[in-house]
Amino acid sequence: MDEGWRIRVRGQVQGVGFRPYIWQLARQMGLRGRVFNDPEGVLIEAAGEGLTAFVAAIPARAPVLARVDAVLHEVAVFDLPDGFEIAPSRGVGAETRVTPDAATCPDCVAEVFAPGRRQGYAFTNCTHCGPRFTILQGLPYDRARTTMAAFPMCDACRAEYEDPADRRFHAQPVACPECGPRVWLEPGGGDAVAGAVAVLRAGGSIAVKGLGGFHLACDAGSGEAVARLRARKRRPGKPFALMGTLAMIRAVCAVSEEEAALLRDPAAPIVLLRKRAEVLPEAVAPGQAVLGWMLPYTPLHHLLIAEFGGPLVMTSGNLSGEPQVIGNEEARETLGGFVDAFLMHDRAIARRLDDSVERAAPPMVLRRARGRVPGTLPLPVGFEGAPQVLAYGGQMKAALCLVKSGQALLGHHLGELDEALTWEAFLAAEADYAALFDHWPDIVACDPHPGYRATQAAHARGVPVIEVQHHHAHMAACMAENGWPLAAGRVAGIVLDGVGLGPDGTIWGGEVLLGDYLGFERRGWLTPVAMPGGDRASREPWRVALAQLDAAGLGHLADELFGTRPLAVLRQAIRAGVNAPLTSSAGRLFDAFAAVLGFDGAQTYEGEAAMGLEARARPDGVAYPLGGTQGNIETAPLWREWARDRDAGLSAEVMAGRFHAGLARGFAARARALVEAGEADAVALSGGCFQNALLLDLTLAALGDVPVLIHRGTPANDGGLALGQAVVAAARAVSG
Ligand SMILES: [Zn+2]
Ligand SMILES: [Zn+2]
């Protein structure tokens with residue numbers, strides 16, 4: 001028997017090359033012992049000199065895809081081998097985790113562009129990079145349960161796979177041109193990448209099969225090519241994402257160190273970057289001050305961008321509003337009308353994952369999918385013993401959330417459930433996550449809105465349902481992401497959002513909530529104003545502007561601005577309360593302000609008007625006032641001040657800036673007062689409007705030195721709703 005240390009490592013430590021890393025580290029330090037996976041992560045049994053230094057080195061030099069949450073050790077007595085070995089996994093349910101997909105690592109990129117057996121090979125990967133969740137068909141994660149099962153390893157790949165000193169040790173998708181998937185161009189023969197580039201150079205578009213689905217690509221520098229793709233896809237205005245090298249990006253956008261680091265993150269998200277010059281055609285992202293860029297993240301992308309030599313539009317391959325296409329046959333049928341060629345491959349995509357969309361400063365996630373999912377979040381202190389919970393999220397930006405074993409797993413972005421195919425994908429994801437993670441909820445959580453399909457699915461589940469008010473869920477998601485303990489004090493939530501059902505039957509969305517995980521009080525709300533035409537008012541901002549101006553006693557300005565619209569009919573509907581529900585939504589207030597500054601007609605995508613308002617805003621230090629002393633946060637003073645500025649001939653840019661500052665200061669003052677009065681211990685900022693970086697910055701500035709919780713790794717919009725629902729339901733369960 002030997003005396004030594006039993007060392008427990010928790011975090012994202014399986015399937016990331018952690019055991020070979022420990023094996024190498026232990027051998028370098030002359031230790032004896034073993035390392036293996038078990039249900040809690042990685043366990044090490046080691047003996048020898050320098051165990052303290054060994055434990056200290058573990059997190060410091062961990063593999064790039066690993067995330068070490070904790071390294072704990074205790075003295076123990078065990079039988080150890082003479083050297084150090086990687087031992088078989090132990091325990092039921094070991095290796096039940098899988099990491100997100102990761103961008104091709106620098107070593108693999110170098111291999112693809114250097115002479116050798118993987119030169120030019122589009123599926124090169126190793127333990128530090130490559131596909132994971134998008135090829136996963138079952139757990140535990142090994143090749144037989146991935147879409148790589150169809151490709152038996154050749155001897156050379158197997159030798160790498162079995163050598164602990166090789167960076168492909170146990171890299172499940174390891175492959176080479178001898179044994180792995182292949183890429184081809186349809187129609188066409190010869191070199192697939194060269195053929196694809198010829199189509200792009202001629203101004204054509206191609207469908208490119210990626211990790212989590214197909215992209216549609218065209219030359220981002222060609223106004224004609226971009227316009228043709230927009231026309232074919234019937235997508236008039238929604239910004240296209242772009243792909244290029246860092247040098248290509250820097251020619252168009254300003255890139256800070258933080259932004260460069262986020263671009264290079266193994267998750268390889270689309271990063272929103274401010275334009276510094278009008279280099280690319282306006283049609284890439286009409287009316288936007290920012291562009292969404294990603295670096296090439298598969299070897300095929302690297303080969304394509306290198307051969308083409310310039311940036312490409314890389315927008316998701318789908319029909320407008322429908323889910324991204326993932327199958328080859330499906331792509332031929334669905335995308336055939338959009339593209340001149342297909343850059344295909346024969347590795348199946350097990351699961352559709354859109355590109356994640358993020359910002360670096362301030363850090364935020366606008367869409368959470370490839371590269372981030374299925375990463376988990378440890379539940380805060382106090383949630384120990386929480387039952388299994390499945391939360392169904394909202395109707396827009398749908399995503400599921402699973403709670404199990406002290407972790408919350410926020411699932412990938414699924415889209416808008418109004419769309420039939422997205423609804424099918426939602427139900428498929430529900431079954432997929434249950435099977436993969438062996439998840440059988442004791443409780444389900446959902447939004448109270450009876451019209452949400454996700455709510456209907458939750459109630460159909462046949463287990464106890466907890467309904468969580470929409471904006472309380474937003475606030476709770478922000479608290480959970482920040483590790484706010486269950487028993488900690490109350491938080492003042494500023495929730496600025498689109499629309500969500502309030503318990504009083506009206507539609508909320510511009511709220512100050514005071515509460516904790518278990519419940520809340522509504523302590524502030526924007527003046528409720530009609531949405532004439534119901535859902536149409538969300539698409540046509542002038543409708544809400546009419547209601548806002550009339551309510552502020554500025555009806556004559558509505559006549560002047562929107563005189564060609566059927567104002568009399570709508571005013572009648574508002575007075576009679578016919579199809580004109582009241583809302584305190586901050587999102588609709590943004591829409592209304594965009595309309596008075598000239599946003600005309602209907603939005604072609606959600607958030608278009610508000611994003612345009614953010615893009616043009618130039619704050620000058622002045623803020624429009626919000627009124628009211630009790631709960632109601634009056635918007636009339638804001639509108640009256642705007643009317644004076646308009647008469648004085650101020651620019652739309654300055655007025656948009658004063659609008660942002662007005663909302664930020666008005667809400668910050670309310671929340672700050674709750675903290676200063678001792679009613680709340682911190683302020684939480686959530687809701688879709690906080691994806692507006694200017695609003696977030698101005699609100700943080702107005703809050704000053706008050707403790708503030710913000711979203712960083714989970715979406716502030718409805719994409720994060722399920723996390724909030726899940727933790728509220730879990731809190732109620734553990735609090736009895
Ligand atoms: Zn690699
Ligand atoms: Zn091979």
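User: Is Arg-6 buried, exposed or partly exposed, and what is its relative accessible area?
Analyst: This is a predicted model, where local features need pLDDT of at least 70, side-chain atom pairs count only at pLDDT 80 or more, and totals for chains, interfaces and linings use all residues. Residues are numbered from 1 along each chain as its sequence is written, chains are lettered from A and ligands numbered from 1 in the order in which they are written, and side-chain values use heavy atoms, leaving out hydrogens and water. Buried means under 20% relative accessible area, exposed over 50%, and partly exposed in between (1.4 Å probe, protein chains only). Arg-6 is therefore partly exposed, at 27%.

User: Thanks! Which residue meets the side chain of Arg-6 in a salt bridge at 3.5 Å?
Analyst: Side chains of opposite charge can pair when their charged atoms come close. Here a salt bridge is a side-chain nitrogen of Lys or Arg within 4 Å of a carboxyl oxygen of Asp or Glu. At 3.5 Å, N to O, the partner of Arg-6 is Glu-74.

User: How many residues apart are Glu-74 and Arg-6?
Analyst: Helices (H or I, at least four residues) and strands (E, at least two) are DSSP runs, numbered from the N terminus. Glu-74 sits in strand β4 (residues 67-78) and Arg-6 in strand β1 (residues 2-12), so the pair links distant parts of the chain. Their separation is 68 residues.

User: Are Asp-355 and Arg-370 buried or exposed?
Analyst: The side chains of these two meet in a salt bridge (2.8 Å, N to O). Asp-355 lies in the loop between β13 (341-345) and β14 (357-360) and Arg-370 in the loop between β15 (363-367) and β16 (377-378), so the pair ties together parts 15 residues apart in sequence. With relative accessibility of 6% for Asp-355 and 1% for Arg-370, each counts as buried.

User: Which helices hold Arg-571 and Asp-550?
Analyst: Their side chains meet in a salt bridge (2.7 Å, N to O). Arg-571 is buried at 17% relative accessible area, whereas Asp-550 is partly exposed at 28%. Arg-571 is in helix α17 (residues 567-576) and Asp-550 in helix α15 (residues 541-551).

User: How many salt bridges does the structure hold?
Analyst: The pairs we discussed, such as Asp-355 with Arg-370, are salt bridges. The total for the structure is 50.
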